[in-house]
Amino acid sequence: MNDFPRWKHFLVAAVALLGILYAIPSLYQKQPAVQVLANKSGVVDEAVKERALQALQTRKVTFDEVIIKDERLLVTFPNTDSQLAAASALRSDLGDGFTVALNLASTVPAWLRAIGANSMPLGLDLQGGVHFLMEVDQKSVLDVQEQRYVDDIRSLARDKNIRNVKVSRGAQGIVVQASSSEDLDVIALAIGRDATDLIVSSGPSIGGSPSLIAKVKPERIKQIADNTIKQNVATLRNRINSLGVAEPMIVQQGDSRIVVELPGLQDTAEAKKLLGATATLDYRAVDESVNVAEAIRTGSVPPDSRIYYFKDGRPAVLKKKVIVTGDELVDASSAVDEQTGTPAVSVTLNSAGARKMLDFTTQNVGKGMAVVLVERTPEVRIVDGKEVRSAKITEEIISLATIRGVFSNKFQTTGLDSAKAASELALMLRSGSLAAPVDIVQERVIGSTLGADNIRKGVTAVIVGLFLVVVFVAFYYKGFGLIANAALLMNLILLVAILSIFQATLTLPGIAGIVLTLGMAIDANVLICERIREELRIGMTPLAAIRAGYEKAWATILDANVTHLIAAFGLMAFGSGPIRGFAITLAIGIVTSMFTSVTGTHSLVALIFGRSAKIKSLSV
Amino acid sequence: MELFNPNSNIDFMRWRKVSLTVSAILMVLSAAVIFVRGLDYGLDFTGGANVEVNYEKAIDVADVRAALTAGGFDKAVVQTFGGTNDFAIRIVSDENASSTTEEASAVANDKIAANVLKALNVTRPDAKVTSSEFVGAQVGDELRNDGLVAVIFVIAGISIYLWIRFEWRFAVSAVASELHDTLLTVAVFALTGREFDLPALAAVLSVVGYSINDKIVVFDRVREIFRSSRKGDSAEILNRSINSTMSRTIMTGVTTALAVGTLYFLGGPALENFGLIMLIGIFIGIASSIFFANPILLLLGVSKQDLMPVEKNDPELARRP
């Protein structure tokens, strides 16, 4: 057995060691915990810790540990009952300034975490998690669109020099009134030419003046709705990625809904804040006629203006009329100003926005323009025993700049403090271009008991399946069976280790993949052992039989595993959610099993039979 | 220990006409079962709602059904969770409902759980909804299409690989066998009357993977014996290949069956289907390797010339583990 190179022994030993090291964390179960996070202005400090301790002690809630880490207070508990009791105690005692949320704390020792060894994340079906059904407010998008057509028609009439035109939104669509039917015909023609998304029909005469009704085409409405939801799904995906949830599921459901599943998350508050808050943004002109300090003091501003504030409280008086809205914004990205070399944000508008921006900037060079971010956080309150849904709207200026020149579809906001500020502004602009407000219409927290039940069954299946296979193989192939079993065990450890390293979420179907891998991984050893038996039968010496067995079985093992991998990839590419979890486990299992059952067993065989030159018989 | 006598030489190829005929008939029957009787698709594929309810005091399934029918849910399917207190109620989304305005159906979907509860509470106020789930019909359609695409992708991918590594006859035989195995497995499953859900689809694709493994082991031996033997009587070589790999076939079949069997018996309701389909598929896959894949190879006229390597780029290297 001198033909088995030494470096392969080392490789097998190293992989085995690393495998064990990275598989260990999965043995540590997560611990129920409550985390306390300060809202925007507050801070979690020792004083908060004291208050939390007091709250827990007065309610006699048993807890393990209270620590402050990463600006949050984390309290761990021996069981979920005290976790829930503590959460409600902390919520009422700490007050509004803090977000109290349920969580699961890792119990993996620090030295393991230091080398990046963490336990496998568990799927929604195994440890519970949060399921959200979100409704995209399509109506508000259509409202905005219709309002825009109203403006378009008005400007068409102005272009044609037709006076006394009244455009308004009615139940049937956009109603256009003119003083004469000739004027109306001109407008109808213009709409037909320039606003092709509208269907024009004649309307009743209102107060002596003729009218026409313009409706948005159904195809266009469908297109708007389609785009809206796609944009929302994409934005949600970005936001959820920042939550750090492994394998989140974000799927469109129906025409106006999005399903979001966040496995492992018990902390609905943080997720809701992220998912529920929607931002839109408006470009508004600065009202230069007003002295800001004066306006604040007297409280009087022109009727077409309002006082807005920056996040840090600085005020500015802006016109109520919106120049360009967020959904006319196509892209915003951080850049470097070519002239000064300072951080900047470059913004691209669509053609409608570009035209409005051109109109505005032509007349307002040297004046100020501000971007207002409108955040809408849904709230549910209980009033007279009934749920009342409302939204808290906060408006804040995120940027105020002076118009340096005339521009339309592309422009830059310069003079930002840092590259970080620029990328933050770009991000805010992008998320503000989210077209529609989103509300959470259903929320389900999948309990940890159901998950615990599933994981118990899954783990039992893995252990029993492994046990049956191991006993059968040992019984059938004796000595070589034991070697194959060692490889099988190593395979399980490697599989868990790799899943942990990549932080792939383990789901119930994933457990099925592990069990299936365990059953089929032995195939390579079966092929090798059968070959060795065959070679022995035709009279080969034991060592020659072993060598021939490994050599001849290799091509078959390779072919069998490559085709099996193709099947796993098929599942991975086309499967969704749970199926993907299964396919990933299967694919990793195929690769690890090739290593353990061929290279791994060969190494063991070489160690066992390599030293004794004369072996009379093999136990196979 | 031996499960199969290594010296036996059963002439499987002698029965090839009978076995191919039987396989063909079984395939037609399976297709008939699947397309006429239809698969009982799960919520994942059909769309609809699943409401789980809990009664404080025991109740008969029939009473639950009666209450639902009275409440207007005539097509609701009620299942127990083994006990007499917990039930799962399935409501397949009504096709008429989807044709009305989007808004109306959205509202209806939202309220299914509430309406079910209302219907149940008429007779028994102690019923509670423990969890509810709703899947849009469109999502289900997409899943079903994706599943079909996945099966086709897998079969096509495997046959291309076999074409390159072996020869076109092997690819054709493998594709035919995969169709055979998929059809038979799904048909047997359909006869059990169980629900075809996502894990079941995963299992069907795994069966394809398992069964192709089986075929490849035999094909590999066929190629090897063809290349090494001087006279090339195809039928005899195929027989020898099947016989000499039979121990492995049975052995791997048993170990895999042991593993997926535990899923069926111990994995809980979510994994039962997966285990069952795999068990069916392992059996069918083994049978088709012997009685279907190899007879087809013979039928297509596999010969020694087709399998000689075109160029030898150090085959020793390729074989090294």
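A nonpolar core is a set of buried Ala, Val, Leu, Ile, Met, Phe, Trp, Tyr and Cys residues joined through C-beta atoms within 7 Å. A residue counts as buried if 20 or more other C-beta atoms lie within 10 Å of its own, as exposed if 12 or fewer do, and as partly exposed in between, with C-beta atoms placed from the backbone.

The legends below describe a predicted model, in which local features need pLDDT of at least 70 and side-chain atom pairs count only at pLDDT 80 or more, while totals for chains, interfaces and linings use all residues. Residues are numbered from 1 along each chain as its sequence is written, and chains are lettered from A and ligands numbered from 1 in the order in which they are written.

**View 1. The largest nonpolar core draws on chain A and chain B.** This core has 134 residues, of which A:V515, B:L205 and B:I277 touch the most other members. Helix α13 (residues 448-501) of chain A gives the largest share, 23 residues; helices (H or I, at least four residues) and strands (E, at least two) are DSSP runs, numbered from the N terminus. Leaving out residues up to four places away in sequence, B:L205 touches A:A567, A:G570 and A:L571 in chain A, and B:A150, B:V151 and B:V154 in chain B. Two residues are in contact if their C-beta atoms, placed from the backbone, lie within 7 Å. A second, separate core holds 30 residues, among them A:L329, A:L349, A:L416 and A:A422. In soluble globular proteins, nonpolar side chains tend to be buried together.

**View 2. Chain A meets chain B.** Contacts link 60 residues of chain A with 56 residues of chain B. On the side of chain A that touches chain B, the elements giving two or more residues are β10 (249-253), β20 (438-446), α13, α14 (508-537), α15 (542-574) and α16 (578-610) of chain A. Of these, α15(A) provides the largest share, 17 residues. This side of chain A comprises 35 nonpolar, 16 polar and nine charged residues. Here Ala, Val, Leu, Ile, Met, Phe, Trp, Tyr, Cys and Pro count as nonpolar, Asp, Glu, Lys and Arg as charged, and the others, Gly among them, as polar.

**View 3. An open sheet of four strands in chain A has the order β6-β7-β9-β8.** Pairing in this sheet is antiparallel; two strands pair if DSSP finds at least two bridges between them. Strands β6 (166-169) and β8 (198-206) of chain A are at the edges with a single partner strand each, so one side of each has no neighbour in the sheet. Neighbouring strands are turned by 25° against each other on average, direction ignored. Helix α7 (residues 181-194) of chain A packs on the sheet and touches β7, β8 and β9 (209-216) of chain A. The direction of α7 makes about 15° with that of β9(A). Axes are lines fitted to C-alpha atoms, for helices over the stretch in contact, and angles run from 0 to 180 degrees between N-to-C directions. Four bridges join β6(A) to the antiparallel strand β7 (residues 174-177) of chain A, and A:V167 has A:V176 as its bridge partner in β7(A).

**View 4. A:G203 lies in strand β8 of chain A.** A:G203 is partly exposed, with 19 C-beta neighbours inside 10 Å. Apart from neighbours within four places in sequence, A:G203 is in contact with A:V175, A:S211, A:L212 and A:I213. A:Q177 is 26 residues from A:G203 along the chain, and their C-alpha atoms are separated by 9.0 Å.

**View 5. A:N103 is buried in the model.** This residue is found in strand β4 (residues 98-105) of chain A and has 22 other C-beta atoms within 10 Å. A:N103 and A:A33 are 70 residues apart in sequence, yet 5.0 Å apart in space, C-alpha to C-alpha.

**View 6. Side chains alternate along strand β4 (residues 86-91) of chain B.** Strand β2 (residues 48-55) of chain B runs antiparallel to β4(B) and is joined to it by six bridges, with B:D86 as the bridge partner of B:N54. Strand β3 (residues 77-80) of chain B is also antiparallel to β4(B), through four bridges, and B:V78 is partnered there by B:I89.

View 7. Over residues 242-246 of chain A the pLDDT is below 50. Where pLDDT is low, the predicted coordinates should not be read in detail.

Technical notes:
pLDDT = per-residue confidence, 0-100.
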